[in-house]
Amino acid sequence: MRLPVIFIVVLLILALIIDGIILYALGAKGVRHCKRSRIWYAISCIPFYGLLIAMFCMNPRSENDDVLPLMWIVFTFVSVYIAKALYAIFSIIGVALNKIRQQKEKAKARRNILGYIGLGLGAVMLALLWIGVFRTRRVIDVERVRVESSRLPDAFDGYRIVQFSDAHVGTWGKDTTFISNLVDSINGVGADMIVFTGDIVNRRTEELRPFLNILSRLHARDGVYSILGNHDYGDYIDWKNPAEREANNQLLAKWEKDMGWDLLNNEYRTIRRDSANMMLIGVENWGEPPFPTYGNLKKAYGPTSRYPERNLNDSNFKILLSHNPEHWVREVTKESNIDLTLSGHTHAMQSMIKIGSFKWSPCVFKYKTWGGLYKNEEDGTDHQIYVNIGSGEVGMPSRVLNAYPEVTVIELKKKS
């Protein structure tokens, strides 16, 4: 299965509209050397329509094809046409205003000042997108967060957890530089526990091979724990048969174990301090359509013959690792008294503006809980979730403005 034809057709139509507007604006009165400008602009468009043809020919779901070239092709095309769209919008408005002025005042056409403004804005947008490639996605942001709870055992007051998420190591190919820096940043915190909240790869386990030794360096007093994300199940590949997909998934579990990580697939672990306990629960990915749901909260933490009193609303302080924050919104807050959920998945759409305590991302249109600490204030409970915006990229190999790769240091504090 190739990229959806409708996606490529939409890109083609938008490109034709944008280029048509720009060609029309370049031919308007008041544009110097308009004929020559239009010719050179038309020639410059040819390589980008070639990129559309390349997109049509590539198969992102093939188990034998590398998806990275397609990722770069799509990003290059889209980044240029976002910039062009800004120029086109301002240019056509400028042309229209110029014509209205000419009719009213019967004066000569002026230069299209709005066109120059659009050109500047387009250049800024293009620069931001590519700065996100060469700089922003390489600068690690260590976020420090305090989570208070009246249910936290005294022995865990001051306990520190480092969370990282959505590494998508396959986007780096075989370049291990960034992941090595990420590991150094995490180890430098000296945390009690390290957790990874899913999406270690893009499509298949083999992407992880160059990074095994580096990720094996992660260490914390109480261990390194992980869960799976939607990209970790091989659901983005058309496998020849189910056995190949299953072998891919088993290899990921094996490699995480070899790295010294404790993979929690609908399981829990008891973390002890003195005579106090804290429960760490990990569920498999809780999917949104069209992807399946593998996570089972009751299976992960339910009564057994040995512990018949254990349940999702017992008196234990509980931390849940669940990749998708929608799980917290739709199930966790409604069926349990789990104190803290740690999630990822959103990436903040790899685009975020942050000024002081204010932050905004286009991700708000899809997720209520897209990045940072949230509390469920509707029922007066201590339900809290922290959503890490990830350390890697998928779809576009860029992070824009303040959407830096995130390492979160969570300090648990007893609420008086």
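Which residue lies over the face of Trp172? Arg137 does, at 4.1 Å from the ring centre; a charge is placed over a ring when NZ of Lys or CZ of Arg is within 6 Å of the ring centre and within 35 degrees of the ring normal. Over the face of Trp370 lies Lys359, at 5.5 Å from the ring centre.

The structure is a predicted model, in which local features need pLDDT of at least 70 and side-chain atom pairs count only at pLDDT 80 or more, while totals for chains, interfaces and linings use all residues. Residues are numbered from 1 along each chain as its sequence is written, and side-chain values use heavy atoms, with hydrogens and water left out.

Helices (H or I, at least four residues) and strands (E, at least two) are DSSP runs, numbered from the N terminus. An open sheet is formed by 6 strands in the order β1-β15-β2-β3-β4-β5, with mixed pairing; two strands pair if DSSP finds at least two bridges between them. β1 (141-149) and β5 (261-263) are the edge strands, each pairing on one side only. From one strand to the next, the twist averages 25°. Helix α5 (residues 177-187) packs on this sheet and touches β2, β3 (193-196) and β15, contact meaning heavy atoms within 4.5 Å. The direction of α5 makes about 165° with that of β2, where axes are lines fitted to C-alpha atoms, for helices over the stretch in contact, and angles run from 0 to 180 degrees between N-to-C directions.

Strand β2 (residues 160-164) pairs with β15 (residues 406-414) in the antiparallel sense over 4 bridges, and with β3 in the parallel sense, also over 4 bridges. Val162 stands opposite Val409 in β15 and opposite Ile194 in β3, while Gln163 has Thr408 of β15 as its bridge partner. Of the 5 residues of β2, 4 are buried, so the strand is largely enclosed by the rest of the structure. Buried means under 20% relative accessible area, exposed over 50%, and partly exposed in between (1.4 Å probe, protein chains only).

The largest nonpolar core has 33 residues, of which Ile179, Ile200, Leu208, Leu215, Leu218 and Trp261 touch the most other members. Such a core is a set of buried Ala, Val, Leu, Ile, Met, Phe, Trp, Tyr and Cys residues joined through side-chain atoms within 4.5 Å. Two or more residues each come from β2, α5, β3, α6 (212-215), α7 (242-258), β5 and β15, and α5 gives the most, with 5 residues. Leaving aside residues up to four places away in sequence, Leu208 has contacts that include Val169, Ile200, Leu252 and Trp255.

Aromatic pairs number 14, counted where rings of Phe, Tyr and Trp (its six-membered ring) have centres within 6.5 Å; planes under 30 degrees apart count as stacked, over 60 as edge-to-face and the rest as tilted. Phe77 and Tyr81 are stacked because their ring centres are 4.7 Å apart and their planes are at 20°. These two residues are 4 apart in helix α3 (residues 68-105), and therefore separated by about one helical turn. Phe77 is buried at 2% relative accessibility, and Tyr81 is buried at 6%. One aromatic cluster is formed by Trp72, Phe75, Trp130 and Phe134.

Asp339, in the loop between α9 (326-335) and β9 (340-343), is buried, with a relative accessible area of 3%. Beyond four places in sequence, Asp339 touches residues including Arg151, Lys318, Asp382 and His383.
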